[in-house]
Amino acid sequence: MASIKTREKRDGTASFTVLWRAGGARNAKQESEVFSDERAAERFKDLVNGHGQQWPPGWVRGQGFIADQRRPGTMFEAFALAYVDRLTGIQGDTRSKYKTRIRTNMVPWFGPYSVEDGEGAIVREMVQDWVNDLEAGRPAPLDPSDRKPRTKYKPKTVQNEHGLLSSILQAAVDAEPSLRASNPCAKTRLPRLDGAEDEEEMVFLEREEWAWLHECLAEDAKDLGETIAETGFRWGEATALQPRDLRRRNGRPAIRVQRAWKKDEDGKSVLGAPKTRKSRRTIVITQKLDRMLRRRAKGLAPDALIFTGPEGGKWDPGTFRRLRWLPAIELAAEKYGLIKRPRIHDLRHSHASWLIAAKVPLPAIQGRLGHESITTTVDRYGHLLDALDDEVMAAVEWAMDPTAPLPGFLERSGLASATDELPNVPRQHSGRAQESWKAASDTPQDGAEHGDEPVFVVTLGGRELPFADRQHAQDVADQWTDDHQDEIVAMRADGWSEEKIAHRGALGPEERERWTGGGAVWTRMPERQFVYSALASYEADGTLTYEPLPVSSRWTWEFEHDGFTTRSAEFRIEFRPGGSTEAQARGINRSAVFRAFEQARVEALEVSVKHPDAARTSTPT
């Protein structure tokens, strides 16, 4: 280890010489550097020790770090904090946490160095030493001597810290002009992340275990716990619920998630948008939970909190954990023998595990939990999918052997009709697919007359739609906006006028004394389906009018007469003016629609020569 030798000069001052053996070997060359200031000598000694008994990269003997290569704006701390300030799309408390991590876990190692190539630059070896120090809990080169010992970081935490450092240094690579040629984090050997570590971080409660815990919760915490367990909400989403969030979807009780608690840069709790775009969602709930939430919401203002702490304000998570959650765990352990030690957030994980055990498809779980990507759902809960082994094997056997029985889970899912009316397959129903479908406009909306009573009108894509109930109108408008969000963003990016963008979206609801437009007033929530569709057109000679587009898909509503259906698949053949024949297919099962489309194309090709206009458009011989 490096040491300092103090020497008094004739003039009464002192010099401080830092001594060490190159590389730390006993018989290696002795190196030294002289300082007139003891504090500077101590700091340099720490740098030597931190770099394996070697000269700190970029240090020139007798001169220190070269000043012109160490511009203030490219020094690590200044550059890293400026990088965080420029980040977009992150919450205020996240920005604050990033800065704290930089100052605590990076600056004590990289503070004297520059992100810029050249003398005094951060190099790959320094990053590897830093990772090893974090894992071992070793002090940083610039840690003060009286600092409390550092904690050994778990592999996951080390990976998180390395990811942040890599992003900072990559910004130096990507700068214009570039500050460095490569990212020194690129080939760092990180501690191995065992699969068991992730599993240990998540606790999955069995239904009986949750029942024990729920019984042991204090009365003023039971309803909140029940809400999180049934919905899978994050803590910040559940405690931000307001009476106006209680909705209906397709006739079922539902909750609209449109805000959550978060912290600003000062650590103050504020209400804001949910964690991600897909976290803004509407989920269906049981009648029991709906009754409980509406009971709690009765008499409250629309924007009041449904769940409040002991003093009437927002529930503080630390207070809830200390005074409600942990005592309930202790009581359940004593009373029922509960062994697990779940966090509050583990109710969300448990909710997902219950859905998987009940054979709910992962995309549905992704939507319910508000995960931005299906990858997140698979990565987090994929290890639970062995519960579906029987269903997977039944599906594989059915696919490989047409004589095998239809998998039971397909029948239970309501998708068994996807195999109806399609080409012959042994032991499956067969027959011709529907040639024409009944337009939705021929179906009464709900068979009720509304008279001259007030209505609530929403304008969807330029079309007015009347509702008897304001909440139904608001729910439809909100869902329409969600369904068309990507389209609206694309229109704005392409420079469309705000007037045209607004025309595509949802406006209202607007209250009117009575409905004077055409059609009946909706007195119930209209149905909504995700529909796949395909279209091809043939000329009388059998050639394609245009190249068919791939199967498309979108959410459709019962009031959209040209697109809505509840069938797995259906098709129709239509003669169009001008001599062309169209083959159309649609339905709620993609595979069935694809097969129906192929059948429709075959039949359209056969009948195209029989088009009534074929004689007028054909060339005389």
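Select helices α8 and α9: α8 passes α9 in a right-handed crossing, where right-handed means that the near helix is turned clockwise from the far one by less than a right angle, and left-handed anticlockwise. Helices (H or I, at least four residues) and strands (E, at least two) are DSSP runs, numbered from the N terminus. This is a predicted model, in which local features need pLDDT of at least 70 and side-chain atom pairs count only at pLDDT 80 or more, while totals for chains, interfaces and linings use all residues. Residues are numbered from 1 along each chain as its sequence is written, and side-chain values use heavy atoms, with hydrogens and water left out.

Stay on this pair. The axes of α8 (residues 207-216) and α9 (residues 219-231) come within 9 Å and cross at roughly 155°; axes are lines fitted to C-alpha atoms, for helices over the stretch in contact, and angles run from 0 to 180 degrees between N-to-C directions. The two helices are therefore roughly antiparallel, the word for angles over 145 degrees. To show the contact (heavy atoms within 4.5 Å), select Trp210, His214, Glu215 and Cys216 of α8 with Lys222, Gly225, Glu226 and Ala229 of α9.

Next, select glutamate 209 and lysine 340. Their side chains meet in a salt bridge, 2.9 Å from N to O; the term means a side-chain nitrogen of Lys or Arg within 4 Å of a carboxyl oxygen of Asp or Glu. Glutamate 209 lies in α8 and lysine 340 in the loop between α12 (317-336) and α13 (346-357), so the bridge ties together parts 131 residues apart in sequence. Glutamate 209 is buried, at 14% relative accessible area, and lysine 340 is partly exposed, at 27%. Buried means under 20%, exposed over 50% and partly exposed in between (1.4 Å probe, protein chains only).

Glutamate 215, also named in the α8 contact with α9, forms a salt bridge with lysine 335 (2.9 Å, N to O). Lysine 335 sits in α12 and glutamate 215 in α8, so this pair joins parts 120 residues apart in sequence. Glutamate 215 is partly exposed, at 40%.

Now move to arginine 586 and glutamate 570, a salt bridge whose closest N and O atoms are 2.7 Å apart. Arginine 586 is in strand β17 (residues 581-587) and glutamate 570 in strand β16 (residues 570-575), so the pair ties together parts 16 residues apart in sequence. Arginine 586 is buried, at 4% relative accessibility, and glutamate 570 is buried at 1%.

Terms used
Angles under 35 degrees count as roughly parallel, over 145 as roughly antiparallel, 65 to 115 as roughly perpendicular and the rest as oblique.
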